[in-house]
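Me: I have a model open here. Can you walk me through a few spots?

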Amino acid sequence: LAGTAFAAGLLIGRRKARRDAAPDLTGPGGGRAGSGTEAESLSQRMSEMTARTNDRNNYVNSIFASIEDGLVVVDPAGQVVLFNPKASELLGLGPEVFFEDRAPAVLRREPIAAVLGLCANVSEHRVPEVRRLKVAQDRTFEVRIVPVADKYLGNRNFGSLAVVKDITELLRMENVKKDFVAAVSHEFRTP
């Protein structure tokens with residue numbers, strides 16, 4: 001299920017990349033430009049550009065999928081744009097977040113609703129936040145949210161990125177350590 005959602009996000013991104021990268025092959029008056037060899041050359045270059053773009057996307061998406069923390073990209077309107085498999089596991093996200101008729105039911109559930117609320121705040125104020133969220137089954141998540149800006153086109157607001165980490169085991173180990181230190185300290189003080 002996580003792979004399906006990830007693939008849906010990639011498909012949307014690839015369609016946009018293909019549409020944006022397509023050269024204008026029309027000449028004056030809307031007709032095709034140039035001769036057959038010129039069109040063939042343009043077609044060959046377009047195929048090469050598409051292959052390079054697909055390879056680059058595959059590389060970046062493979063890295064994104066292998067990160068051990070949950071990553072969720074949220075646009076300025078509060079819609080989930082992309083998430084990795086770990087975010088799917090931790091937050092209960094699936095491909096339905098990409099469909100307008102099914103997304104609201106998923107996005108109202110905790111803990112994703114709390115994460116989206118934090119993302120909205122960061123997106124609006126452009127100030128990073130770090131929070132701990134208590135979730136079901138006595139689990140605790142650390143959520144780090146940073147604003148995402150377009151670094152090429154005038155720092156335009158692209159929304160926010162949430163990095164979600166399950167710190168339940170870390171907190172449990174800290175408590176065990178505190179208890180051990182307290183017990184050893186008590187033993188040294190009592191004769």
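Me: Which residues does S123 touch, leaving out those up to four places away in sequence?
Reply: S123 touches P76, N157 and G159. Contact means heavy atoms within 4.5 Å. This is a predicted model, where local features need pLDDT of at least 70, side-chain atom pairs count only at pLDDT 80 or more, and totals for chains, interfaces and linings use all residues. Residues are numbered from 1 along each chain as its sequence is written, and side-chain values use heavy atoms, without hydrogens and water.

Me: Is S123 buried or exposed?
Reply: S123 is buried, because its relative accessible area is 7%. Buried means under 20%, exposed over 50%, and partly exposed in between (1.4 Å probe, protein chains only).

Me: Where does S123 lie?
Reply: In helix α5. Helices (H or I, at least four residues) and strands (E, at least two) are DSSP runs, numbered from the N terminus.

Me: Now the largest nonpolar core. Which residues touch the most other members?
Reply: V72, L91, L93 and V143, out of 26 residues. Such a core is a set of buried Ala, Val, Leu, Ile, Met, Phe, Trp, Tyr and Cys residues joined through side-chain atoms within 4.5 Å.

Me: Which element gives the largest share of this core?
Reply: α5, with six residues.

Me: And what does L91 touch, not counting residues up to four places away in sequence?
Reply: L91 touches V72, P111, I112, V115, F141 and V164.

Me: Switching topic. Where is V60 found?
Reply: V60 is in helix α2, residues 36-66. V60 is partly exposed, with a relative accessible area of 46%.
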